[in-house]
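Dear colleague,

Please find below the structure that I am handing over to you. I would be grateful if you kept it open while reading the notes that come after it.

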Amino acid sequence: MPSEDPGAGPRRLHLLSPVFFAVGHARRLWPLALLVAARRQWWLLALGALVLLAWTTVEWLRRTYALEGGALRLEEGVLSRQLRAVPFDRIQQVDLVRKPLHRLLGVATLRVETAGGGSAAEVDLDVVTLAEARALRSRLLRAKAALVPEQPGAAAPGGLATGSGAPAAPGGASHADPAADEVAARPAERVLLRLGLGEVMLAGITGSRAAAALVVLGPLSQATDWFPGLSDWLLARFDPQAVTPTTPAAFLVVAALAAVVWLGLAAVSSIVTDHGFTVARVGDDLVVRRGLLERREAVLPLTRLQVVRIEESLLRRALGLASVRLQSAGRAGRSDETASRLAIPILQRVQVNRILGELLPGAAPIPALAAPPPAARRRAVTRSVLRTALVAAVVALPIWFLSTRDGPGVAPRFALFVLPLLALAVVVGLAAYRSLGHAAGERFLYARAGAAIRVLTVVPVAKAQSGSVRSSPFQRRAGLATLHVDIAGGGPVPRVYDETQPRTEALLQLILGRRVASP
């Protein structure tokens, strides 16, 4: 029997791992299995299942992992052997994933991701016991913090001081039971935010999932193409004249039912993804738990946090709601997926300062933002009107070309539609200008932009890697420029839009000066 300490030498995964390996292979082989089942060759299907289970058992016997030599080492392969080593200092994220079968059997998948690791996890331990997964995650994060301390004397993830920054022993320390070790070393968990079922549904209805639900509803309209006999089956059971709405009230009822289905899909999607959403703090780690069918638990050392983004759509602003997205270091190539995992889907606007203070101590409350100069307003309106006019021209030219034989009345009629669009463009430009703003202090830079979705970006000045002031010919003519702040990891670059040239240069010097002064 292998030792219970992951640092004591090579160790196998859980005894149930072959079952999970077989499930993964079966997902790739389902078309072949479906073909065999259609021919009713059940003996062949049973034989294939036995062969698959035997193969995955051999895979399990040939797969081991260990914490040795300052790295997580995974050795696997049946016919050809492969040794993969992930140094502790390259680890960026260690997540726990628990699907329904995992929760039923009391196991978990541990996913270890690295900087530049691509879209897949660098190491996937599928599966280990839940206690072992949590203990191993804690050991990996502590070992990484000891090897690469963020600041002298800073607390390491898990709440343990890094001290002089001496490397931890491989495996994280002692050879005691990992679960007991992890419980003893892990600080008390403090819940920062927990969303109820109603809040999770509201997040789906008021967020981007409502738009994603339309993508699902669109293909359903082509169901008759997928099932050729569906139209005949429906016509045999329902009279089209009886079910077709013919009055305004009937049309309203149909529209209301369609809206209920649309918003219902968005709410269900949000429940599946974010059910039981909890954000907690354990020492200097941020723990995010979410998911109904697939339960995910992500841990982010707050020392790796680079940017906090507070997003408010028009609808959420009217309801006093917002969402928060986090960007951590070393996540190049996976920014979108990471942002969705390390995000608070919805919260009350009055709670933003409290959460921001927990994420970035000293950043709350959000200061009053300085508005850009009047030249930025003219530029915002002009840009919006020109974009709208360009789109209108692209649409109008084909219409004019196809309808010239109808006489010169087409252009005036089209102008009746263009003029309201240009007026709307002016309103949008003014809204975009009013959304602009920034503030700068000794430790943080605040930048806000966006008309339909207003985004406030909070950047710790000490985390800025570099900065630049850029201006287009039109901006230079108006005496304006945009400040770009480069940070570690992927994701959008924080910007201060359309400020005066002297102000953007002063902000740039502030950022560069703080980087020089920072340890």
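The notes below take up a helix, a sheet, one of its strands and several salt bridges in turn.

This is a predicted model, in which local features need pLDDT of at least 70 and side-chain atom pairs count only at pLDDT 80 or more, while totals for chains, interfaces and linings use all residues. Residues are numbered from 1 along each chain as its sequence is written, and side-chain values use heavy atoms, with hydrogens and water left out.

Helix H1

Helices (H or I, at least four residues) and strands (E, at least two) are DSSP runs, numbered from the N terminus. Helix H1 covers residues 17-38, 22 residues in total. From its first C-alpha to its last H1 reaches 29 Å, close to the 32 Å expected at 1.5 Å a residue; the expected span is 1.5 Å times one less than the number of residues. H1 has a kink of about 70° at Leu29, shortly before the proline Pro31. The bend at a residue is the angle between axes fitted to the seven residues ending there and the seven starting there.

The buried residues of H1 are Ser17, Pro18, Phe20, Phe21, Ala22, His25 and Val36. Here buried means under 20% relative accessible area, exposed over 50%, and partly exposed in between (1.4 Å probe, protein chains only). Among the elements that cover these buried residues are helix H2 (42-61), helix H3 (100-105), strand E6 (107-114) and strand E7 (123-129), where contact means heavy atoms within 4.5 Å. After H1 comes Arg40, which has a positive phi near 60°.

The seven-stranded sheet

An open sheet is formed by seven strands in the order E7-E6-E5-E11-E10-E9-E8, with antiparallel pairing. Its edge strands, E7 and strand E8 (189-194), each pair on one side only. Two strands pair if DSSP finds at least two bridges between them. On average, neighbouring strands of this sheet are turned by 20° against each other, direction ignored.

Strand E5 (residues 91-98) and E6 run antiparallel and are joined by six bridges. Leu96 stands opposite Leu110 in E6. Helix H4 (residues 130-147) packs on the sheet, where it touches E5, E6, E7, strand E10 (285-290) and strand E11 (295-301). The direction of H4 makes about 170° with that of E5; axes are lines fitted to C-alpha atoms, for helices over the stretch in contact, and angles run from 0 to 180 degrees between N-to-C directions.

Strand E9

In a regular strand the side chains alternate between the two faces of the sheet. Strand E9 (residues 278-282) is mostly covered, with five of its five residues buried. On one side these are Thr278, Ala280 and Val282, and on the other Val279 and Arg281.

E9 pairs with E8 in the antiparallel sense over five bridges, and Arg190 stands opposite Arg281 in E9. Five bridges also join E9 to E10, again antiparallel; the bridge partner of Val279 in E10 is Val288. E9 and E10 form a hairpin with two residues between them, and Gly283 in the turn has a positive phi of about 65°.

Salt bridges

Side chains of opposite charge can pair when their charged atoms come close. A salt bridge is counted when a side-chain nitrogen of Lys or Arg lies within 4 Å of a carboxyl oxygen of Asp or Glu. By this rule the count comes to 21 salt bridges.

Glu297 and Arg137 form one of them, with their closest N and O atoms 2.6 Å apart. This pair links distant parts of the chain, Glu297 being in strand E11 and Arg137 in helix H4, 160 residues apart. Both Glu297 and Arg137 are buried. A network of salt bridges links Arg134, Arg137, Glu189, Arg289 and Glu297.

In another pair, Glu312 and Arg349, the closest N and O atoms are 2.9 Å apart. Glu312 lies in strand E12 (residues 305-313) and Arg349 in the loop between strand E14 (343-348) and helix H14 (352-359), so the pair ties together parts that are 37 residues apart in sequence. Glu312 is buried, with a relative accessible area of 7%, whereas Arg349 is partly exposed at 31%.

Glu75 and Arg81 also meet through their side chains in a salt bridge (3.4 Å, N to O). Glu75 is partly exposed, with a relative accessible area of 32%, and Arg81 is partly exposed at 36%.

Yours sincerely
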